[in-house]
Amino acid sequence: MSFYYFAYGSNMNPARMQARGLVFSAAESARLPGYRLAFNKRSHCTPGVAYANVVHSSYGVVEGVLYALANPDALNIMDGFEGTPVRYSRECMTVQTATGAKSAWIYVANPAYVEAGLLPESNYLNHLLAGAAHLSPQYLVMLQAQACRPAVQLLGDKGLLYNA
């Protein structure tokens, strides 16, 4: 039995997933129809900084990476990094892949942490861009054009494990 996780934010970077101890047996391109990507999840430690979120949008599509997790316990590890259940909730949604529809776990920002007018930091956005192999050219251009704030780089594994 496979346990799927749909990454649309910084976990699109497979190096981040591995640094966090999240073992996956496969990764493939996936799309979440009926939503759009928003940088409106407020950082809990840096004012004005945004993290990725998905927001209902009738004609929107969020692209990302669908990971087949090697172990269901990986979700518990992921919950710790995502701040679940306080900052994000984990929900099961249907994503579309080249091989058909699949049910996957997705993290959605809790309303108390959603705020307009925020920007992601450049190092955070780079994690999303690391998933380029799984994104359409149009989606990649949209991410590359995203306004962002300069960031203080975390060195070594800290930059893969945590957001500054």
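Tutor: Buried means under 20% relative accessible area, exposed over 50% and partly exposed in between, with a 1.4 Å probe and protein chains only. This is a predicted model, in which local features need pLDDT of at least 70 and side-chain atom pairs count only at pLDDT 80 or more, while totals for chains, interfaces and linings use all residues. Residues are numbered from 1 along each chain as its sequence is written, and side-chain values use heavy atoms, with hydrogens and water left out.

Student: Is Tyr-67 buried or exposed?

Tutor: The relative accessible area of Tyr-67 is 1%, and the cut-off for buried is under 20%. Tyr-67 is therefore classed as buried.

Student: How do the rings of Tyr-5 and Tyr-67 pair?

Tutor: Rings of Phe, Tyr and Trp (its six-membered ring) pair if their centres lie within 6.5 Å, and planes under 30 degrees apart count as stacked, over 60 as edge-to-face and the rest as tilted. The structure holds 5 aromatic pairs. For Tyr-5 and Tyr-67 the centres are 6.3 Å apart and the planes stand at 10°, so the pair is stacked.

Student: Which parts does the pair of Tyr-5 and Tyr-67 tie together?

Tutor: Helices (H or I, at least four residues) and strands (E, at least two) are DSSP runs, numbered from the N terminus. The two residues are 62 residues apart in sequence. Because Tyr-5 lies in residues 3-7 and Tyr-67 in residues 50-69, the parts tied together are strand S1 and strand S3.

Student: Why is the pair of Tyr-51 and Tyr-124 tilted?

Tutor: The ring centres of Tyr-51 and Tyr-124 are 5.0 Å apart. The pair links distant parts of the chain, with Tyr-51 in strand S3 and Tyr-124 in helix H3 (residues 122-129), 73 residues apart. Tyr-51 is buried at 6% relative accessible area, and Tyr-124 is buried at 5%. The pair counts as tilted because the planes stand at 45°.

Student: How many bridges join strand S4 to strand S5?

Tutor: Two strands pair if DSSP finds at least two bridges between them. Strand S4 (residues 88-97) and strand S5 (residues 100-109) run antiparallel, and a hairpin joins S4 to S5 through 2 residues. Tyr-88 stands opposite Ala-109 in S5. The number of bridges that join S4 to S5 is 10.
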